[in-house]
Amino acid sequence: MAKYPVKQSLRGLADIVSKQVYQIEADLKTKSQSYNQLKGNLAGMERKAAGSLLTRNLGDLVQKEDFILDSDYLTTLVVVVSKQQAPEWLAKYEKLTDMIVPRSSKKIFEDGENCLYTVSLFQKVVDEFKLKARENKFVVRDFAYNEKELAAGKDEMNRLAADKKKQYGPLVRWLKVNFSEAFTAWIHVKVLRVFVESVLRYGLPVNFQPVLIQPNKKSTKKLREVLQNLYGHLDTGGLMADKSEAMDIAGIGMSSSQDYFPYVYYSINTDVVTDVIKSS
């Protein structure tokens, strides 16, 4: 059975087109939301794995040997220090509070703006050390070394990247197929409009011929002149003679702000890619 049966009523055809396009739109929302959520989650993790030392994930920058682990009394903090303050940090960190392990600070990474240091101290003075560090514009990162959590984070990023790649191909294929379906439905809507407009303008019985023309841009004006000479006599209402008056007339399908021709005319813009780029 044909998708758009020729014996179907205009209302029936319009309903078929409407239901098809609605289903495509609903499926598109579901698929795009799923893909964009996945893409957003991955982008978020990638941002955390890069960028400034003040915000980025530190898991890829540190090693187990940089930390004191499984101690009841000692712990290791990670501190971000601007490059300009690096000498000040090295001179001050042992004196910010009591119970700092002497010469425990070690630079483990640096980027264009900041350095990443570790420092070991007694757990009981951690809060006081953080306060003193903040007063001196040293940023103590909230970071605890946990191998299992770090490995799980890397596995999650790899999983998201694999899922994104896995979904991308089927999504593109679905878009190609359904763009074709949606475009076909749109053309059928144009055909229905031409039919209805022609009946309203020229009356019954049906005696008109729809034609699809794709002129060269340079020959558009000449084509208009030829069509006007051929079909100017169909302008029985004299609307072509007076375009200054408002023409919101049933059966004309246009207003004074639009071009009126003695023949039914609807444009079809097939350059949708350029339109999307311009609108974005």
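**Strand β1 and its partners**

Mentor: Strand β1 and strand β4 (residues 139-141) pair in the antiparallel sense over three bridges. Pairing takes at least two DSSP bridges between two strands. Strands are DSSP runs of E, at least two residues long, and helices are runs of H or I, at least four long, numbered from the N terminus.

Trainee: Which residue stands opposite Val 139 in β4?

Mentor: Val 80 does. Val 80 also stands opposite Leu 116 in β3.

Trainee: And how many bridges join β1 and β3?

Mentor: Nine, again in the antiparallel sense, with β3 covering residues 114-122.

Trainee: How many of β1's nine residues are buried?

Mentor: Eight, within residues 74-82. Buried means under 20% relative accessible area, exposed over 50%, partly exposed in between (1.4 Å probe, protein chains only). Across the protein, buried residues make up 29% of the 280 residues.

Trainee: New topic. What pattern does the protein follow along the sequence?

Mentor: α-β-α-β-β-α-β-α-α-α. That comes to six helices and four strands.

Trainee: What is the mean pLDDT?

Mentor: It is 87, and 90% of the residues reach 70 or more. pLDDT is the predictor's confidence in each residue, from 0 to 100. Over residues 243-257 it is below 50. Where pLDDT is low, the predicted coordinates should not be read in detail.

Key:
Residues are numbered from 1 along each chain as its sequence is written. This is a predicted model: local features need pLDDT of at least 70, side-chain atom pairs count only at pLDDT 80 or more; totals for chains, interfaces and linings use all residues. Side-chain values use heavy atoms; hydrogens and water are left out. Contact means heavy atoms within 4.5 Å.
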